[in-house]
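User: I would like to learn how to read the features of a structure, one at a time. Could you walk me through this one?

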Amino acid sequence: MMTVLRYLVALSVCLILLSITAIAQEDDVYTDESFYGLPDVAINSHAVSLQASLYPEYYRTHSARSDLRWVQRNDSALTAFWEENRTLILQFLSQNSGIPWVESEFDIYLIRYYHTAGEGNPVILPLGGIRTGDLIEAPPSGARLQFGLIFQMAKRMLAQS
C-alpha cells in the first residue's frame, strides 16, 4: 500500500513539473502574482527562534543562530528555483485543484534540522541533516528538495480550504 502511495505521489509531482514547464513555455503567461490572486510567498532563512523551538534540548548547548547562518550559505539553489518558478507553481496548484488561494502571504521557512522532510503549515523545509545516534538523517536535495517544496505548497493549499 505504501509503495503504491509513494508511486502515485511521485507520478503526481512529475506531472506537476511537466505541466509547469509547459506553462512556462507559453508566450502569454503572466508573472504578476496579484493578477491571479496568488499569495506573496517569501523564503525565510532567518527563523532562529523556530529552529531553536523545534529542538530545545539540542540548542541548549548548540547555537541555532550558527545553524541558520549555515542555511543561508546553502539555500541558493532552492531560493533560485523558487524565485524562477513560484508564480507558475502557485498558479498551477490553484488552477488544477480548483481551490483558490485564500491567504495573501506567508513564508517558507528554511531550517537546518527537522525530523521530517517538511511540513505544510507553516511551510518548513530542512536543508541539513541531523545526527541520530551514530547516523545522520539527510534531507532531500536537488530535484527531490524541489519536489518536496511543491508537495508542501500543495499541503498548504489544502490546509487553507
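Predicted model: local features only at pLDDT ≥ 70, side-chain atom pairs only at ≥ 80, totals over all residues.

User: To begin, how many helices and strands are there in the chain?

Analyst: Residues are numbered from 1 along each chain as its sequence is written, and side-chain values use heavy atoms, with hydrogens and water left out. Now the elements: helices (H or I, at least four residues) and strands (E, at least two) are DSSP runs, numbered from the N terminus. Here the chain has six helices and six strands. Read from the N terminus on, their order is α-α-β-α-α-α-β-β-β-β-β-α.

User: How do I read burial, and what share of the residues in the chain is buried?

Analyst: Burial rests on relative accessible area: buried means under 20%, exposed over 50%, and partly exposed in between (1.4 Å probe, protein chains only). Of the 161 residues in this chain, 39% are buried. For the surface as a whole, accessible areas come from the Shrake-Rupley method with a 1.4 Å probe, and for residues only the protein chains shown count as cover. The chain exposes about 9500 Å², of which carbon and sulfur atoms supply 55%.

User: Which residues is Leu149 in contact with, leaving aside its neighbours within four places in sequence?

Analyst: Contact means heavy atoms within 4.5 Å. Leu149 sits in helix α6 (residues 143-160) and counts as buried because its relative accessibility is 1%. With those sequence neighbours set aside, its contacts are Leu78, Phe81, Trp82, Ile108 and Leu125. Take Ile108: it is 41 residues from Leu149 in sequence, yet the two are 8.8 Å apart in space, C-alpha to C-alpha. Across the chain, 67% of the contacts with a separation of 6 or more are between residues 24 or more positions apart.

User: And a loop residue? Where is the place of Ser45?

Analyst: Ser45 is in the loop between β1 (40-44) and α3 (48-54). Its relative accessible area is 6%, so Ser45 is buried. Not counting residues up to four places away in sequence, Ser45 touches Leu68, Val71, Gln72, Asp75 and Leu110. For another serine, look at Ser53 in helix α3, which counts as partly exposed at 49% relative accessibility.

User: Let us turn to charges. How many salt bridges does the structure hold?

Analyst: Side chains of opposite charge can pair when their charged atoms come close. The cut-off for a salt bridge is a side-chain nitrogen of Lys or Arg within 4 Å of a carboxyl oxygen of Asp or Glu. The structure holds four. One of them joins Glu57 and Arg60, with the closest N and O atoms 2.8 Å apart; both residues are exposed. Glu103 forms another with Arg156, at 2.6 Å between the closest N and O atoms. Glu103 counts as partly exposed because its relative accessibility is 22%, whereas Arg156, at 8%, counts as buried.

User: Why are Glu83 and Arg86 separated by about one helical turn?

Analyst: Because they are three residues apart in helix α5 (residues 76-97).

User: Where does α5 bend?

Analyst: A bend at a residue is the angle between axes fitted to the seven residues ending there and the seven starting there. In α5 that angle is about 65 degrees at Asn85. Just after α5, Gly98 takes a positive phi of about 80 degrees.

User: Last one: how many aromatic pairs are there?

Analyst: A pair of aromatic rings is described by the distance of the centres and the angle of the planes. Rings of Phe, Tyr and Trp (its six-membered ring) pair if their centres lie within 6.5 Å; planes under 30 degrees apart count as stacked, over 60 as edge-to-face and the rest as tilted. By this rule there are three aromatic pairs. Among them is the edge-to-face pair of Tyr58 and Tyr59, 4.9 Å centre to centre with 85 degrees between the planes. Tyr58 is partly exposed at 30%, while Tyr59 counts as buried at 11% relative accessibility. Ring pairs link Tyr58, Tyr59 and Tyr113 into a cluster.
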